[in-house]
Every structure is written in structure tokens, then in C-alpha cells.
Amino acid sequence: MIFLPSQLDNAAGRFQPRFLLACLSTGFEPTVIYASSRQLQLVNFYRAMGGSYRDCLGVCTTGASVLELLAWQKPGLLIIVDDLPDISPDELVRQVRTIDPAIRTVVFITSLAALDPATVHPILVADHDLVVHPDTLTLMSMAVVSNTSYYSPSIMQHFEELNQQPANGDANTIHLSLRDRQLLEAYALGLSNQETAKRLGLSVRTVQTYSVNLLRRLGVNNRQKALRRAVGLGFHAVLRSFEAR
């Protein structure tokens, strides 16, 4: 597969202005620790995120070093690649949450075959999607800032192929459609109805109608409450039932 420089630039750079603006508007501190066994991967993360000495608190090549660094540094975000030699992402995130539940996490998946269907990470990104789907980093970053959930397209497709469905039996569970997910992503991105309509190829009136219906079903009256409500309903789990087409 060949990617042109323009595609790489599009994938790596589009999210940065919105990400920084969203951090300013929400008060989220974009300090970060990166964890991967591959040093080249760590350098690429640092560059792609617009790294600076102030924002990057350190990089780690093992899970043990992550926990050691967290003893004296508390980032806003921990980015983990599923290639650490001494610990699984699930176990590392579990231990991180016991240290500081406020730390937000992103897990990058390099092998879908090794992905545990029972995983409960709110933000999962397939390495394959970073260039193939250039909005991936943008959506990931906005989910981090708004403290919501996001599964990249290949993750969604993987769960669909495994026929993973949200747990049944809770009468209060709200099943979100593909269009609902697209609207929630637009909310997290801070897109206007006009921008959302252009993004989805719909009329503004249609977007308004979908949005009103979504807010009504979630029992809220604005976008931020909708995002919080979605998280409260187990948005990360419900995502498995979306049709990623």
C-alpha cells in the first residue's frame, strides 16, 4: 500500500488546531506519557501530537517503567501501544486507574487478532486506521478532551465480525445507531449543524431532526449532556453494536 506525502500530512496534522482549542475551552491539561516497546513509534507519537518538553512528561518502553514514572508524574493522558513486553494494556490500565482514576487512556492496537473482545477501554485505535481513515486522530483527540468514547473503524469492524453485541437485559439500555454515533462524534468535535451536514452529506434540517431525536432519547437538552449521558450508559460498550459502514 502506498501513501502520498499529502495523505500523511492530512492524517497527522488536521487534528492539532481543534485539539488545542478544545483543551483551552474545557480546561483539560494535555500532558501525556507514551508507552510502547518500539522507540521509533514513541518518536512518531511525540512528533504527531505536536510534542513539546512541557506537554510530554516522558516515554516508556515497558509497563513497569510506566508505573514508575506515574509515581512522580501525573499526566492528563496515557497513550499505550499493545506491544509492551511485560504487561497487557488491560492490566496496565487497571493498575493506572488505581493510581489515579482521572488519567485518561488511549490504547493503540497493532494486532486485532490479539484484541480481547471483553476489553473495556473507552478509546481504542487500530494502527491501520491512522492513515486509511485520516479523521481517526481528530476523533480520538476530541474523545480524550471531552472524556467520551471512541473506537476507530477497524476496531468497530472487528467487533462486528465477532458478532459482539451489547449486553441485553437492562431495560434502560439505549442502543445507539450508526447515525447516533456520527452525531456524538460531531458533538465531541464541536462541529456546528452546518459542518455536520457537510461531513455526513445531509441537509442541515435533517441533521437538526436527527439531533433533536437523539437528545430526546438520551433525556437531555444539550450536546455536552448528551456526551456525558452516553458515557454513563456505557458508550464504549454500546459502540460494539454500531454498523461501521
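**A first look at the model**

Modeller: Leu-130 is buried, with a relative accessible area of 18%; buried means under 20% relative accessible area, exposed over 50%, and partly exposed in between, with a 1.4 Å probe and protein chains only. This is a predicted model, in which local features need pLDDT of at least 70 and side-chain atom pairs count only at pLDDT 80 or more, while totals for chains, interfaces and linings use all residues. Residues are numbered from 1 along each chain as its sequence is written, and side-chain values use heavy atoms, with hydrogens and water left out.

Biologist: Where is the place of Leu-130?
Modeller: Leu-130 belongs to helix 6 (residues 129–132). Helices (H or I, at least four residues) and strands (E, at least two) are DSSP runs, numbered from the N terminus. From C-alpha to C-alpha, Leu-130 is 8.9 Å from Ser-152 in space, and the two are 22 residues apart in sequence.

Biologist: How many helices and strands does the protein chain have?
Modeller: There are 13 helices and six strands in the protein chain. Of its 245 residues, 44% are buried.

Biologist: Which residues of helix 7 are buried?
Modeller: Helix 7 (residues 136–146) is mostly covered, with 10 of its 11 residues buried. Among them are Thr-136, Leu-137, Met-140 and Val-145. After helix 7 comes Asn-147, which has a positive phi, near 55 degrees.

Biologist: Changing topic, at what angle do the axes of helix 10 and helix 11 cross?
Modeller: The axes of helix 10 (residues 193–200) and helix 11 (residues 204–218) cross at roughly 105 degrees and come within 8 Å. Axes are lines fitted to C-alpha atoms, for helices over the stretch in contact, and angles run from 0 to 180 degrees between N-to-C directions. Helix 10 is therefore roughly perpendicular to helix 11, given that angles under 35 degrees count as roughly parallel, over 145 as roughly antiparallel, 65 to 115 as roughly perpendicular and the rest as oblique.

Biologist: And which residues make the contact?
Modeller: Helix 10 contributes Asn-193, Gln-194, Thr-196 and Ala-197, and helix 11 contributes Val-204, Val-207 and Gln-208; contact means heavy atoms within 4.5 Å.

Biologist: What about disulfides, how many does the structure hold?
Modeller: The structure holds zero disulfides, a disulfide being a pair of cysteine sulfur atoms within 2.5 Å. Cys-56 is in no disulfide, and its nearest cysteine sulfur, that of Cys-60, is 9.1 Å away. Cys-56 is buried, with a relative accessible area of 14%. Cys-60 is buried too, at 3%.

Biologist: Is Asp-55 buried or exposed?
Modeller: Asp-55 is buried, with a relative accessible area of 15%. It lies in the loop between helix 3 (39–48) and strand 2 (56–60). Leaving aside neighbours within four places in sequence, Asp-55 is in contact with Pro-30, Thr-31 and Val-32.
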